[in-house]
Amino acid sequence: MKLSSIVVTLILTVGVPYYIYTPLPAAIEDHLKLMLLDALFRAMLQVGDLCQCLGLSHHITVIRGSTLGLGSPGEMAGGQGGGMRVSDVDFDRVPVRVYEPPAAGGGDGGLRRAVMFYHGGGWALGTTSKCVYVYQHKHIYYDVLCRQMSDELNAVVVSVEYRLAPEVHFPVQYEDCLAAAKHFLEPGILGKLSVDPQRVAVSGDSAGGNLAAAVAQQISVDDSVRVKFSVQALIYPVLQGLDLNTPSYQQNHNMPMLHRSMMARFWLLYLGVDTSLHPLLLSPSFLHHPSIPPSVRSHLNWTTLLPAKHIKHYKPVGMEMGSQEVTGQEGDLLPGLLDVRAAPLLAEQGVLSRTPRAYILTCEYDVLRDDGLMYTRRLQDAGVAVSSHHYDDGFHGALSFAHWPFFFDVGERMIRGYMDWLQENL
């Protein structure tokens, strides 16, 4: 064997396992499977970054196309499947996919409940239909999940295809979701779909949970909307971007499937600001800039909002640097992060008190864990009934991995808990 072949073999033998290996807590199942998934996604990101640096394509475009063709028998372009009617239509010029269970629209004469669902993917990835954008196999997962919801709950499910970054930025994604919600909640539309106006949920995961929470807040205070959502179901939602140094961000900064640095990138992409601000967003001093009102900091004060078992040994950091001034591009970043449409956790108590009862799912090994836990506490303080479902062995995106080819048990348990709650509360 030539020396060059030996060197290449040695590099692959040592380098590949080194790239794949990530230390994982004992509580997480199937370490190797999760490490492989995380390594695959990191590789996609790095290839995307390289292409963008070379001026070939935006890194998001590369990620979207990197798994082109990974279709699924469960994903169909509308029509009929097992008695279910699936159609791709527009709600106030926003594309949606509507899942109607058998006999919806009359049949036995009964009204059905409904779920408006917003998919995750960092406001830049993910879809249910039409496109083949992929994030953690989500184009398969979301279609399967929506069909399962419609079937098990005997519900009309509307999955919203809001526009994505980098083609558009905040508040376009939010505005698309709000427009679709208002259209769906019109009595005429609900009547056409045989939906009970007293049993309509809004739901979403990750960035979709962010959009669901923000839309639920706006609908609850908009007196021009006659029909309100009856429940909100948020799955590991991202709810703020001002403090990326909460205990969960510190504990899980390199945890699959959402690293702390990656979440910061998604925020910058969503807000449409320069990527050079990435270090600022991660800085422990950012929350303590003088231009951030004290009332906002109180809504993010995890030392009082989090249970002690989640605070653990972590301490607030960065206060000694709070005298910095915000200038130039830094000032361009703050308006978006302070906007409750992007950061629902910052809403005032008077708004929160009018939102519907909630289901909030959080995972121990997720940078977004504390966002969900703090929102749970703030909603409860505002008098809203909240069912908090925390998974001690959960990680971000686990719900996406309940189906083929992943089969993570924790994902299956999450889906079961989510479905059971909707069955009992919607």
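## Packing of helices α5 and α7

In this predicted model, helices α5 and α7 lie oblique to each other, a class that takes the angles left over once those under 35 degrees are called roughly parallel, those over 145 roughly antiparallel and those from 65 to 115 roughly perpendicular. Helix α5 covers residues 172-184 and helix α7 covers residues 207-221; they pack at an angle of about 55°, and their axes are 10 Å apart. Here the axes are lines fitted to C-alpha atoms, for helices over the stretch in contact, and angles run from 0 to 180 degrees between N-to-C directions. Helices (H or I, at least four residues) and strands (E, at least two) are DSSP runs, numbered from the N terminus.

The crossing of α5 over α7 is right-handed, the term used when the near helix is turned clockwise from the far one by less than a right angle, left-handed being the anticlockwise case. On the α5 side, Gln173, Tyr174, Cys177, Leu178, Ala181 and Lys182 make the contact, and on the α7 side Leu211, Ala214, Val215, Gln218 and Ile219; contact means heavy atoms within 4.5 Å. Sorted by class, eight of these residues are nonpolar, two are polar and one is charged. In this scheme Ala, Val, Leu, Ile, Met, Phe, Trp, Tyr, Cys and Pro count as nonpolar, Asp, Glu, Lys and Arg as charged, and the others, Gly among them, as polar.

## Basis of the model

Residues are numbered from 1 along each chain as its sequence is written. Because this is a predicted model, local features need pLDDT of at least 70 and side-chain atom pairs count only at pLDDT 80 or more, while totals for chains, interfaces and linings use all residues; side-chain values use heavy atoms, with hydrogens and water left out.

## The chain as a whole

The chain contains 17 helices and nine strands. Of its 426 residues, 58% are buried, where buried means under 20% relative accessible area, exposed over 50% and partly exposed in between (1.4 Å probe, protein chains only). Among contacts with a separation of 6 or more, 75% are between residues 24 or more positions apart.

## Length and burial of the helices

The expected span of a helix is 1.5 Å times one less than its number of residues. For the 13 residues of α5 this gives 18 Å, in agreement with the 18 Å between its end C-alpha atoms. The 15 residues of α7 should span 21 Å, and its end C-alpha atoms are 22 Å apart, which agrees. Helix α17 (residues 409-425) has 17 residues and should span 24 Å; the separation of its end C-alpha atoms is 24 Å, which agrees.

The buried residues of α5 include Val172, Asp176, Ala179, Ala180 and His183, together with the contact residues Gln173, Tyr174, Cys177, Leu178 and Ala181. In α17, the buried residues include Val410, Met414, Ile415, Tyr418, Trp421 and Leu422.

Phe184 belongs to helix α5 and counts as buried, at 0% relative accessibility. Leaving aside residues up to four places away in sequence, Phe184 touches Phe91, Ala114, Met116, Val158, Ile189, Leu190, Leu193 and Val200.

Thr246 lies in the loop between β7 (231-235) and α8 (247-251), and is likewise buried, with a relative accessible area of 0%. The C-alpha atoms of Thr246 and Thr303, 57 residues apart along the chain, are separated by 9.3 Å. With residues up to four places away again not counted, Thr246 touches Gln240, Trp302, Val367, Asp370 and Met374.

## Backbone features in loops

Two cis peptide bonds may be noted. One joins Ala165 and Pro166, with omega about 5°, and Pro166 lies in the loop between β5 (156-160) and α5. Another joins Pro256 and Met257, with omega about 0°; Met257 is in the loop between α8 and α9 (260-271).

Positive phi values occur at non-glycine positions as well. Asp30 has a phi of about 50°, sits in the loop between α1 (3-20) and α2 (31-53), and is partly exposed at 37% relative accessible area. Arg93 has a phi of about 70° in the loop between β2 (84-91) and β3 (94-100), and at 72% relative accessibility counts as exposed.
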